[in-house]
Amino acid sequence: MSFMKLKAISILLTVINFINNNNKKSGDQGPWWQSLHRTMLRGILGKTFRLVGYTIQYACIAHCAFEYVGGVVMCSGPSMEPTIQNSDIVCAENLSRHFYGIQRGDIVIAKSPSDPKSNICKRVIGLEGDKILTSRPSDFFKSHNYVPTGHVWLEGDNLQNSTDSRYYGPVPYGLIRGRIFFKKSCS
Amino acid sequence: MAQSQGWVTRYFKAFCKGFFVAVPVAVTFLDRVACVARVEGASMQPSLNPGGSQSSDVVLLNHWKVRKFEVQRGDIVSLVSPKNPEQKIIKRVIALEGDIVKTIGHKNRYVKVPRGHIWVEGDHHGHSFDSNSFGPVSLGLLHAHATHILWPPERWQKLESVLPPERLPVQSEKESLHGSP
């Protein structure tokens with residue numbers, strides 16, 4: 001989840017909250033210049049501060065939720081077919097990553113090793129120390145390698161159409177963002 | 001009875017309100033803007049920890065500067081260790097993607113840094129577990145940019161992004177803003 005999305009969600013929630021608060025009626029009696037002064041200064045300034053405050057609050061709660069608990073992600077690409085189709089909605093949880101509970105066979109979301117701003121969605125085939133078949137499908141001679149410490153070996157389910165650890169090597173554990181536990185097909 | 005219940009409920013509500021406002025804001029600030037950390041080890045001597053184990057430097061880590069993964073050669077950065085994801089290491093950026101570096105103690109003499117990776121080294125060569133041991137690191141592991149030393153007070157300073165001239169890359173694709181032939 002990028003920071004821009006967090007800001008958008010928090011602004012939306014703040015506006016909804018703001019509209020709700022404004023609908024409550026406030027009865028103010030007194031001379032017209034007094035009530036005008038009160039409306040202008042306390043009204044606009046106070047409301048602006050409250051708006052900013054609520055935005056920051058909701059943005060921080062959203063950040064904590066996405067970072068430490070989990071979130072909803074849309075996957076694109078054919079590399080995990082037939083398990084996950086193009087434009088499926090999946091739910092990812094981040095607790096396993098923080099407690100180092102990622103197992104072999106889990107589908108994880110990780111930052112791409114060659115582009116830190118984009119994410120990849122693959123299955124964990126091997127953990128550190130495992131012996132992995134690393135040759136590309138087109139090679140004639142099979143080669144084996146051990147996954148180094150602190151790394152995992154990721155492969156897509158659609159082996160013919162997936163750029164994964166067979167091409168860019170083992171992926172450091174620190175790049176893993178979360179583990180997918182639920183899928184809702186949208187196609 | 002009703003009065004004491006009212007007092008407890010009000011106190012509980014105030015506590016919850018404060019908790020749910022203060023904790024997420026503080027956590028988000030420490031994760032996204034800046035935090036403080038103590039440096040252990042001798043791999044960055046003499047820039048950091050010149051006194052060895054007697055006094056550890058405390059540095060200010062700036063997350064906001066690396067939110068778009070933009071680093072320059074010579075920056076001191078903290079990153080998640082590729083060999084141990086529970087640990088963070090602090091090193092200097094020597095080369096960016098596309099550069100060719102002359103390594104010290106790596107199995108290849110010259111290494112071209114792949115796309116999306118950087119080459120980091122500690123200033124104390126030979127006593128540093130850095131890219132000369134584990135190769136180029138992915139930018140996704142970047143954690144923060146160390147900008148200032150905060151403690152001990154006699155070592156208050158801004159950390160400069162200087163690249164020692166003998167560690168300049170042999171060939172660089174990208175020109176950086178400070179210092180490069």
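Helices (H or I, at least four residues) and strands (E, at least two) are DSSP runs, numbered from the N terminus. Keep that in mind as we walk through this predicted model, where local features need pLDDT of at least 70, side-chain atom pairs count only at pLDDT 80 or more, and totals for chains, interfaces and linings use all residues. Residues are numbered from 1 along each chain as its sequence is written, chains are lettered from A in the order in which they are written, and side-chain values use heavy atoms, without hydrogens and water.

Let's start with rings. Rings of Phe, Tyr and Trp (its six-membered ring) pair if their centres lie within 6.5 Å; planes under 30 degrees apart count as stacked, over 60 as edge-to-face and the rest as tilted. Over all chains, the structure holds six aromatic pairs. One of them joins W7(B) and Y11(B), stacked at 6.1 Å centre to centre with 15° between the planes. Both residues lie in helix α1 (residues 2–32) of chain B, four residues apart, about one turn of the helix. W7(B) is exposed, at 54% relative accessible area (exposed means over 50%, buried under 20%, partly exposed in between, with a 1.4 Å probe and protein chains only). Y11(B) is exposed too, at 59%.

F15(B) and F19(B) also stack, with 6.0 Å between centres and 20° between planes. They too sit four residues apart in helix α1 of chain B, about one turn of the helix.

Now to chain A, where an open sheet of seven strands runs in the order β1-β2-β9-β3-β4-β7-β8, with antiparallel pairing. Two strands pair if DSSP finds at least two bridges between them. β1 (70–75) and β8 (171–172) of chain A are the edge strands, each pairing on one side only.
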